[in-house]
Amino acid sequence: VAMLAVRGPFGELNDICVMIQYLLALPIPLALHRLLQARAPFLSKLAMLIGIVGMIAVVVLQFLLIAGVLSFSEQVGPVTFALVVVVGAWLVITGYLGRSTGKLPRSLLMSILAVPYFFYPLWAFWLGRHLLSGRMIEQSN
């Protein structure tokens, strides 16, 4: 969000990178739903849908900004809402589910830290490390 507050000389590059980041992140809600749904199927599916909607909103809003359809001042409010509130809700719900299942220790804390966007890369590396370890997948079988 801080990156969105000030639009400097690298603003367009940042906009493109954010759009690509959330486009590439779209499989994450699906994968986490599959791994976490046993504990709370409805809440996990709701979180997945919230995450997908939020990420698609960010991608579309970033595209509209880059294409010149929306100005920065028209886009910054909706994209901030999509990032902080919608994607943030997905992060927190998923973090809660990960912690409550025991599959992702400290996931609620990590998810809350990721909401302001600055710590999102740390959350992504942390999650990737857990997924690559195979422990989450072994526990879901």
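**Exercise 1. The nonpolar core**

Task: In this predicted model, how many residues does the largest nonpolar core have, and which have the most contacts inside it?

Solution: 
- Start with the count. The largest nonpolar core has 30 residues.
- Then list the contributors. Two or more residues each come from α2, α3, α4 (41-66), α5 (72-101), α6 (107-114) and α7.
- α5 supplies it, with eight residues.

**Exercise 2. Around Trp 90**

Task: Which residues does Trp 90 touch, not counting residues up to four places away in sequence?

Solution: 
- Trp 90 touches Ile 28, Pro 29 and Leu 32, among others.
- Move along the chain. Its contacts also include Ala 47, Met 48, Ile 50, Gly 51 and Met 55.
- Finish with Trp 123, also touched by Trp 90.

**Exercise 3. Helices α2 and α3**

Task: At what angle do helix α2 and helix α3 pack, and how far apart are their axes?

Solution: 
- Locate the helices. α2 spans residues 11-25 and α3 spans residues 27-36.
- Read the geometry. The angle is about 30° and the axes lie 5 Å apart.
- Classify it. Angles under 35 degrees count as roughly parallel, so α2 is roughly parallel to α3.
- Name the contacts. Leu 23, Leu 24 and Ala 25 of α2 meet Pro 27, Ile 28 and Pro 29 of α3.
- Sort the contact residues. Six are nonpolar, none polar and none charged.

**Exercise 4. Ala 124**

Task: Where is Ala 124 placed?

Solution: 
- Find the element. Ala 124 sits in helix α7, residues 120-133.

How values were computed: Residues numbered from 1 in each chain as written. Predicted model: local features only at pLDDT ≥ 70, side-chain atom pairs only at ≥ 80, totals over all residues. Heavy atoms only, no water. Helix = DSSP H or I, 4+ residues; strand = E, 2+ residues; numbered from the N terminus. Axes fitted to C-alpha atoms, helices over the stretch in contact; angles between N-to-C directions. Parallel < 35°, antiparallel > 145°, perpendicular 65-115°, else oblique. Contact = heavy atoms within 4.5 Å. Nonpolar A, V, L, I, M, F, W, Y, C, P; charged D, E, K, R; others polar. Core = buried A, V, L, I, M, F, W, Y, C linked by side-chain atoms within 4.5 Å. Buried < 20%, exposed > 50% of the residue type's maximum accessible area, 1.4 Å probe, protein only.
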